[in-house]
Amino acid sequence: ARAAGAPRLTAALPGVALPLALKVPGVRSQLLPSLGIPAEVIDYASFTARFDATKTQAELAGSGVELPPLESYAQVLWDYWARELDR
């Protein structure tokens, strides 16, 4: 989210407050959408991902092809998602 400039749920509601806040009527249906956070993402708020390119980099070693840093293209991916896939 940081690299792409995407909205961050934890910035709006810190992790400790999130479970309590979701019990308040209107938070999921009104507050989160007003902050640009779709209510549907709540189920994934605690999801973390770690991307490991070690094997890919090993396979590409010596080929002249290098993986760019995520920060160099994350905004492009986010823009595409927002424009084309976020219906």
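**Surface patch**

I began with the surface, where L70, Y73, V76 and L77 form a nonpolar patch with about 370 Å² of accessible area together. Patches take residues with over 30% relative accessible area and no salt bridge; nonpolar side chains (Val, Leu, Ile, Met, Phe, Trp, Tyr) are joined within 5 Å, like charges within 9 Å. Accessible areas come from the Shrake-Rupley method with a 1.4 Å probe, and for residues only the protein chains shown count as cover.

**Source and confidence**

I note that this is a predicted model, in which local features need pLDDT of at least 70, side-chain atom pairs count only at pLDDT 80 or more, and totals for chains, interfaces and linings use all residues. Residues are numbered from 1 along each chain as its sequence is written, and side-chain values use heavy atoms, with hydrogens and water left out.

I looked up pLDDT, the predictor's confidence in each residue from 0 to 100. The protein chain averages 79, and 84% of the residues score at least 70.

**Fold and whole chain**

I counted five helices and zero strands in the protein chain. Along the sequence the pattern reads α-α-α-α-α. Helices (H or I, at least four residues) and strands (E, at least two) are DSSP runs, numbered from the N terminus.

I then took the totals. The accessible surface of the protein chain comes to about 7100 Å², and 58% of that belongs to carbon and sulfur atoms. Buried residues make up 14% of the 87 residues; buried means under 20% relative accessible area, exposed over 50%, and partly exposed in between (1.4 Å probe, protein chains only). Of the contacts (heavy atoms within 4.5 Å) with a separation of 6 or more, 44% are between residues 24 or more positions apart.

**L32**

I found L32 in helix α3, residues 27-34. L32 counts as buried because its relative accessibility is 0%. The C-alpha atoms of L32 and L22 are separated by 9.7 Å, with the two residues 10 apart along the chain.

**R83 and E84**

How many salt bridges does a search of the whole structure find? I got one. E84 forms a salt bridge with R83, and the closest N and O atoms are 3.5 Å apart. The term needs a side-chain nitrogen of Lys or Arg within 4 Å of a carboxyl oxygen of Asp or Glu.

I located R83 in helix α5. R83 counts as exposed because its relative accessibility is 54%. E84, at 31% relative accessibility, counts as partly exposed.
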